[in-house]
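Dear colleague,

I am handing over the structure below, with notes on what was found in it. Please read them with the structure open.

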Amino acid sequence: MLKAGVLGAGHLGKIHLRLLKQSTKYELVGFYDEDEHNAKKVEEEFGYKYFNSIDDLIDAVDMVDIVTPTLSHYECAKKAISKGRHIFIEKPITNTVEEAEHIRRLLAENNLRGQVGHVERFNPAFTAVKDKIVNPMFIETHRLAEFNPRGTDVPVVLDLMIHDIDVILSVVKSKVKSVSASGVSVISETPDIANARIEFENGCVANLTASRISLKNMRKTRFFQRDAYISVDFLEKKCEVVKMKDAPTDPGDFDMILQNAEGIKKQIYFDNPDIPKNNAILDELETFAHAINTNTTPVVTLQDGTEALRLATKIIEQF
């Protein structure tokens, strides 16, 4: 079992602490939070060991789980790497692309492992259909959330849309050609609602919408590709796969047949996979333990996290 320590005991940090405590892959050593009042409260309520300094915690573990505000990711990661520790770092990877690139270089130079917390990669609705997403040519995402003051210190692109940016980059095997976007600040100092259109060199187009001032929550993505339509509901953990194939010469009474203007007939059928139940955060943490123990590539690499941040930054620059 890998000895794990958590930096940051806020809302998400407490979830990580609980799951690391449950995990059979890790031994939770303890945590550090710069807010001593909050740290003592968490220690008393849950019994996790609170370390008085960030250095003492890092010295005591094999893996550092960085769940602090984004602005501090870079310094926390540098400190952990300098002490020879593997790092799990919440999304977005850092505040700037330059910081992300530096962390990647440091990690490689020290032969350490790193993973970024893009948790939607482990959403069971997405993992159930990922292998069916082949060369999508149009992608549409809607990630809408009710207003929550937590997270409004960054643009909605870094708060919410970056989840969909990472998912899209994981399935579109092509370089970004152009980006156009618009964002509006309604209640925060940074944009609360944003739309981006991303064009890839292979012709794929992705249209992303993110809002944190909606009346209801929604996290849906639709993929359109040759002879298939795939819908993923990240919130409800549901998916739908609609495929087309050449129609049989003698279709049955219940076969769904479409005929285009050229007279070509296609049969529509559903290929919906089973969706296993899981805890996506636990899965991402435990697959990282596997990558460390087997010296293999993590599911979401620091390169992935850097590219998601790079594209998010390009979108924000359009505002």
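Leaving aside residues up to four places away in sequence, serine 178 touches Arg197, Ile198 and Glu199. The model is a predicted one, and that applies to everything in this email. Serine 178 belongs to strand β7, which covers residues 176-184. For a sense of distance, serine 178 and methionine 63 are 115 residues apart in sequence, and their C-alpha atoms lie 38 Å apart in space.

The sheet around β7

Strand β7 is part of an open sheet of 9 strands with mixed pairing, in the order β7-β8-β9-β6-β10-β11-β12-β14-β13. The edges are taken by β7 and β13 (256-259); each has a single partner strand, so one side of each has no neighbour in the sheet. From one strand to the next, the twist averages 15°.

Further along this order, β12 (residues 238-246) and β14 (residues 265-270) run antiparallel and are joined by 5 bridges. Lysine 245 has glutamine 267 in β14 as its bridge partner.

Strand β10 (residues 218-225) contains glutamine 225. Is glutamine 225 buried or exposed? Glutamine 225 is buried, because its relative accessible area is 13% and the cut-off for buried is under 20%. Its contacts, not counting residues up to four places away in sequence, are Lys132, Ile133, Val134, Asn135, Pro136, Met137 and Ile230.

Helix α9 lies across β7 and β8, at about 55° to β7.

The second largest pocket

The second largest pocket has a volume of about 290 Å³. It is lined by 16 residues, of which Leu169, Ser174, Lys175, Val176 and Glu307 are the closest to its centre. Which elements give two or more residues to this lining? They are α7 (156-171) and α9 (302-316). The largest share comes from α9, with 6 residues. Sorted by class, the lining has 8 charged, 5 nonpolar and 3 polar residues.

The parallel sheet

There is also an open sheet of 5 strands, with parallel pairing and the order β2-β1-β3-β4-β5. Its edge strands, β2 (26-32) and β5 (114-117), each pair on one side only. On average, neighbouring strands of this sheet are turned by 20° against each other, direction ignored.

How many bridges join β1 to β2? Strand β1 (residues 2-7) is joined to β2 by 6 bridges, and the two run parallel. At one of the paired positions, leucine 7 has tyrosine 32 in β2 as its bridge partner. Helix α4 (residues 73-82) packs on this sheet and touches β1, β3 (63-66) and β4 (86-90). The direction of α4 makes about 170° with that of β4. Methionine 63, named above for its distance of 38 Å from serine 178, falls within the range of β3.

Regards

Notes. Residues are numbered from 1 along each chain as its sequence is written. This is a predicted model: local features need pLDDT of at least 70, side-chain atom pairs count only at pLDDT 80 or more; totals for chains, interfaces and linings use all residues. Side-chain values use heavy atoms; hydrogens and water are left out. On a 1 Å grid over the protein atoms alone, a cavity is a set of points where a 1.4 Å probe fits but cannot get out, and a pocket is an open set with protein on both sides within 12 Å along at least five of seven lines; lining residues have an atom within 4 Å of a point. Grid points are joined across faces, edges and corners, and a volume is the space filled by probe spheres set on the points. Helices (H or I, at least four residues) and strands (E, at least two) are DSSP runs, numbered from the N terminus. Ala, Val, Leu, Ile, Met, Phe, Trp, Tyr, Cys and Pro count as nonpolar, Asp, Glu, Lys and Arg as charged, and the others, Gly among them, as polar. Two strands pair if DSSP finds at least two bridges between them. Axes are lines fitted to C-alpha atoms, for helices over the stretch in contact, and angles run from 0 to 180 degrees between N-to-C directions. Contact means heavy atoms within 4.5 Å. Buried means under 20% relative accessible area, exposed over 50%, partly exposed in between (1.4 Å probe, protein chains only).
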